[in-house]
Amino acid sequence: ADNTVIRYVMYAKNASSYAQIIYFDDGKIKFAARSSGGYKRWEFTITIGDFVNNWKHVHITWNGNFSSNPSILIDNSSLGSPAATAGTATGTTYLAPDGFVFFDHNQSNPAYELAGRLQFFHIFGISVVGGSVYNSGTPTFASSGHLLDFWRMGNEPQFVNTPHESSIENS
């Protein structure tokens, strides 16, 4: 795995640009969000190679306030404070996504594709700063009514009879 190449995990689209993105770049996992007047990016040091051939439970939580740092947990271990931040967005009004792209950039450029597997992707309406969120892969607050959206990846009809690591046609 190359730590110097941008690889997208999630790209939440918005008509004007992006709403939120999660990606690997330069030995960091980066989370960025946009407001109508700018953006803010938080960078956490991690090696993409740590994810190769290893199952990881990644939990990113942010309270929606641009002055607050998100929290990133990998298998219930916090990555701590961001190694760096960028951008000037302030306040609590962020752009709402109108679509999601997983493991690629919005432009479907092969240069940004992240070769990997994603089992589930959840969005919760709660910010979890501490405590145990990794409960054998099930968030401890999953049944608390805070689940906003959920995707189980790989169960779509076009994947059922597709051999592993083969091309997937758009349909």
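The dialogue below works through the calls made on this predicted model.

Student: Why is Q20 called buried?

Tutor: Its relative accessible area is 11%. Buried means under 20%. Q20 therefore counts as buried.

Student: Where is Q20 found, and what does Q20 touch?

Tutor: Q20 is found in strand β2. Beyond residues up to four places away in sequence, it touches M10, Y11, A12, F31, A32, A33, Y94, L95 and P97.

Student: What makes Q20 and L95 a polar contact?

Tutor: A polar atom of the Q20 side chain lies 3.1 Å from the backbone oxygen of L95. The cut-off for a pair of N or O atoms is within 3.5 Å, so the distance qualifies.

Student: Why is F120 called partly exposed?

Tutor: The relative accessible area of F120 is 29%. Buried needs under 20% and exposed needs over 50%. The value for F120 falls in between, so the label is partly exposed.

Student: Which residues are in contact with F120?

Tutor: Leaving aside neighbours within four places in sequence, they are F150, W151, R152 and M153. F120 lies in strand β10. F120 and F150 are 30 residues apart along the chain, and their C-alpha atoms are separated by 7.3 Å.

Student: How do you know that D25 and K30 form a salt bridge?

Tutor: The N to O distance between their side chains is 3.0 Å. The rule asks for within 4 Å, so the pair passes. Both D25 and K30 are buried.

Student: What about E43 and K30?

Tutor: Their N to O distance is 3.6 Å. That is also within 4 Å, so this pair is a salt bridge. It links distant parts of the chain, with E43 in strand β4 and K30 in strand β3, 13 residues apart.

Student: Why is E43 called buried?

Tutor: E43 has 8% relative accessibility. The cut-off is under 20%, so E43 counts as buried.

Student: What makes D25, K30, R41 and E43 one network?

Tutor: Shared partners. The side chains of R41 and E43 meet in a salt bridge at 2.8 Å, N to O. K30 meets D25, and K30 also meets E43.

Student: Why is β1 called largely enclosed by the rest of the structure?

Tutor: Six of its eight residues are buried, so β1 is largely enclosed.

Student: Why are β8 and β9 said to stand at the edges?

Tutor: Six strands form an open antiparallel sheet in the order β8-β4-β3-β2-β1-β9. β8 and β9 each have a single partner strand, so one side of each is left without a neighbour in the sheet. β4 and β8 pair over four bridges, with T85 as the bridge partner of W42. β1 and β9 also pair over four bridges, and M10 stands opposite F102 in β9.

Student: Which residues have the most contacts inside the largest nonpolar core?

Tutor: F24, I29 and W42 do, in a core of 23 residues. Strands β1, β2, β3, β4 and β6 each supply at least two residues of this core. Apart from it lies another core of seven residues, among them Y11, I21, Y23 and V101.

Note on methods:
Residues numbered from 1 in each chain as written. Predicted model: local features only at pLDDT ≥ 70, side-chain atom pairs only at ≥ 80, totals over all residues. Heavy atoms only, no water. Core = buried A, V, L, I, M, F, W, Y, C linked by side-chain atoms within 4.5 Å. Buried < 20%, exposed > 50% of the residue type's maximum accessible area, 1.4 Å probe, protein only. Contact = heavy atoms within 4.5 Å. Pairing = 2+ DSSP bridges. Polar contact = N/O pair within 3.5 Å; in protein donor to acceptor, adjacent residues only side chain to side chain.
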